Structures are given as C-alpha cells and as structure tokens.
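Welcome! Keep the 3D view open and follow along as you read.

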Amino acid sequence: MPSDRQHETPAPATAPAAAHAPASAVPPLVAARGTVPPLLPGQPPLAILVDYDGTIATTDVTDAILRRVLGERYAQDDAAYSSGEVGSRTLFSSQVRLLPGDPAPVITLADAQPHDPTFAAFVSRALELQIPVEVVSDGFGFYIEPALRRLGVPSIPVISAETTFDGMCAEMAFPNGHPDCLVCGTCKRQRVLAHQAVGRTVVFIGDGESDRYAAAYSDLIFAKRDLIRLCRSAGRPFTRWHDFGELKAWLDAIVAAWRSNPASLPRHVVRPFICGPELWGPGRTDPPGRNDGAAIP
Ligand SMILES: [Mg+2]
C-alpha cells in the first residue's frame with residue numbers, strides 16, 4: 001500500500017485470505033441515493049471508489065464518443081480540460097448538444113469498448129468482505145450500468161451525470177455535481193469525503209485527469225496512466241496498478257492484516273482543500289488556471 005513514498009509496483013499480497021462473514025450477516029452496502037452506508041461493527045473500515053473511463057473500461061468511453069461527435073473540436077476541448085482552463089461541467093453542457101437524439105450509434109460505440117474482465121470478481125470479493133464499492137465517473141454516464149451488467153458486476157452505486165435521449169436531442173443533468181461548485185459534472189471529491197465522514201479509509205482507483213481532485217483527498221491511491229503523472233507532480237503517494245485481479249489479491253491481504261491488527265490499516269487523515277467552494281468560493285465554473293495566476297493542483 002502507499003506510504004509516504006511512491007510505489008511503482010503493487011503491494012504484494014502476502015497475507016492469507018480473510019475469513020468471510022456468512023452471507024446472511026452481510027448488511028446491504030448499496031445506500032440510498034446521495035448517502036453512504038454506515039460503518040457497522042465488525043466491518044473493515046474501508047470504502048473503494050473506482051473511476052470508470054480508462055479504469056473499468058480500459059479505454060475512455062466518453063472520449064471515444066466525443067471524438068466521434070466533436071470531430072476537430074475534440075482536441076481543442078480536451079486540451080482546455082487537461083490544462084485546467086475549463087471545467088468538465090461547462091464542456092459537457094455544450095458538448096451534449098452535439099450528441100444524436102437517437103442514442104443507438106453512441107451506444108454501439110460504447111458497447112464496443114474493452115473492459116477489465118477481472119472487475120466483477122473484484123467487486124464480489126469486496127462485497128463479501130463487507131466493503132462498499134462505488135463507481136464514480138465524470139462522463140456521460142448512460143453506458144455504465146449496461147456495461148456493468150454485461151460484465152456480471154453485482155449491484156453497486158454508480159455516481160455519475162445522467163444523459164437522456166428523447167429521439168430529437170440529448171440532455172445532461174448533474175445530480176451528483178457539487179451544489180456550490182460547478183467545475184466538475186460529477187463531484188468525486190464529495191463521495192470521498194462522505195465515506196470518510198462515517199469512519200472509512202477511502203481507496204481510490206483511477207487513471208486520469210478526472211480523478212485528480214478525488215485522489216487528492218483519498219487515503220490510498222491506485223493510479224495508472226495520467227493519474228500517475230498527476231500524483232507525481234503533486235507529491236502524492238500512490239501505487240501503480242494494472243488490473244483488478246491484482247487489486248483483489250491486495251484487498252484480501254489488507255483485510256486479513258486488519259483482522260490481525262486493526263492498526264495496520266491506514267487511517268483517514270484530514271487534508272487541506274485543494275478544490276471546491278471552501279477554497280475557490282461558491283459558484284465557480286472553471287478551476288483556477290493560468291489566467292488567475294494560481295497553480296492547478
Ligand atoms: Mg478515467
């Protein structure tokens with residue numbers, strides 16, 4: 001697991017598998033919308049938040065759709081987002097108007113994207129261990145639950161935007177955006193803080209730009225691709241990962257270690273705000289960029 005230095009390889013799974021609670025004793029881990037399940041006695045104080053694009057789907061499905069519908073504008077929008085000049089909610093609010101009213105072509109495109117076949121077994125194991133898992137995605141969102149069903153993933157919360165099609169046009173709502181900060185379409189940060197508030201150590205698994213804020217507040221970070229660069233540049237400890245098969249072994253090991261010694265699990269440490277209304281003030285639509293003279297975290 002990450003400590004105060006970077007790990008370039010996954011932590012080895014050397015501990016034996018943890019004993020499972022009987023299925024009848026496992027409380028529901030899918031909470032009502034907007035809430036998180038309480039931490040009950042005997043449960044490992046862990047929550048796992050997982051990005052979707054480039055993480056469960058091994059390609060970025062949102063980007064694949066945007067390349068299709070935006071054409072030459074895609075590179076311009078992507079550069080503006082990656083450099084921190086514009087927020088995703090601003091971009092999505094404009095881009096969604098270019099989606100076809102009939103979603104069939106983009107659903108076909110999304111369905112054709114490859115996914116990590118080991119994700120379902122990872123989720124099943126986490127739920128057996130009474131550890132909640134959530135998908136947190138700052139994308140269009142409409143293709144996630146169908147993809148999870150195809151993969152055989154047990155029912156877990158999907159925290160994302162909601163894109164709907166009426167045959168004439170597409171519309172996008174942001175029910176999981178921050179009410180006072182309009183930078184991101186989905187505020188992954190709020191999900192991290194919500195799980196921490198009930199006493200859980202939060203594990204974040206992701207791959208890129210849309211994870212930068214959530215990872216900054218998380219207690220353990222598993223990173224690949226651009227998230228590695230972002231963690232390095234911010235000096236954040238992380239563990240490099242490749243697929244959910246290795247994370248399943250890591251999960252068994254860390255829970256077994258916790259059962260032997262509860263102090264072995266990293267505890268949540270409150271970190272200073274690097275984003276959101278607490279730092280930027282309410283109503284901001286774009287992160288502070290070069291024009292503000294402020295560093296992008
Ligand atoms: Mg991603």
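## A buried arginine to start from

In this predicted model, R125 has 21 other C-beta atoms within 10 Å, so the residue counts as buried. R125 belongs to helix α5. Leaving aside residues up to four places away in sequence, R125 touches K248 and L251.

Now look for D252. Along the sequence, R125 and D252 are 127 residues apart, yet their C-alpha atoms lie 8.2 Å apart in space. The contacts of the whole protein give a setting for this pair: among those between residues at least 6 apart in sequence, 68% join residues at least 24 apart.

## The overall picture

Stepping back, you will find eleven helices and eight strands in the protein. Of its 297 residues, 41% count as buried.

Six of the strands form an open sheet with parallel pairing, in the order β3-β2-β1-β6-β7-β8. Its edges are β3 (158-159) and β8 (239-240), each with a single partner strand, so one side of each has no neighbour in the sheet.

## Strand β6, inside the sheet

β6 pairs with β1 (residues 46-50) in the parallel sense, over five bridges. Along this pairing, L49 has F204 as its bridge partner, and V50 stands opposite I205.

β6 also pairs with β7 in the parallel sense, here over four bridges. On that side, G206 stands opposite A223 of β7. Together with helix α8 (residues 212-217), β6 and β7 make a right-handed β-α-β unit.

## The nonpolar cores

The largest nonpolar core has 63 residues, and those touching the most other members are I48, L49 and F204. The largest share of this core, six residues, comes from α10. Apart from it lies another core of five residues, including C181, L182, C184 and C187.

Not counting residues up to four places away in sequence, F204 touches L49, V192, D211, A214, A215, S218 and I221. One of these contacts, L49, is also the bridge partner of F204.

Helix α10 covers residues 244-260, which makes 17 residues. From its first C-alpha to its last, α10 reaches 24 Å, close to the 24 Å expected at 1.5 Å a residue.

Which residues of α10 are buried? They are F244, L247, W250, L251, I254 and V255. Seen down the axis of α10, the buried residues fall within an arc of 130 degrees, so they line one face of the helix. An α-helix has 3.6 residues a turn, so residues three or four places apart point the same way.

What covers the buried residues of α10? The cover includes α5 (119-128), β6 (201-206) and β7 (220-223). This brings the tour back to R125, which lies in α5 and touches L251, one of the buried residues of α10.

## Two loop residues with positive phi

Finally, visit two loops. Q130 sits in the loop between α5 and β2 (133-136). Its phi is positive, about 65 degrees, although Q130 is not a glycine. Q130 has 20 C-beta neighbours inside 10 Å, so this residue counts as buried.

R225 is in the loop between β7 and α9 (226-234). Its phi is near 45 degrees, again a positive value in a residue other than glycine. Is R225 buried or partly exposed? With 15 C-beta neighbours inside 10 Å, R225 counts as partly exposed.

Definitions and conventions:
Residues numbered from 1 in each chain as written. Predicted model: local features only at pLDDT ≥ 70, side-chain atom pairs only at ≥ 80, totals over all residues. Expected span 1.5 Å × (residues − 1). Buried ≥ 20, exposed ≤ 12 C-beta atoms within 10 Å, placed from the backbone. Arc of directions from axis to C-beta. Contact = placed C-beta atoms within 7 Å. Pairing = 2+ DSSP bridges. Right-handed = clockwise from strand over helix to strand, strands pointing away. Core = buried A, V, L, I, M, F, W, Y, C linked by C-beta atoms within 7 Å.
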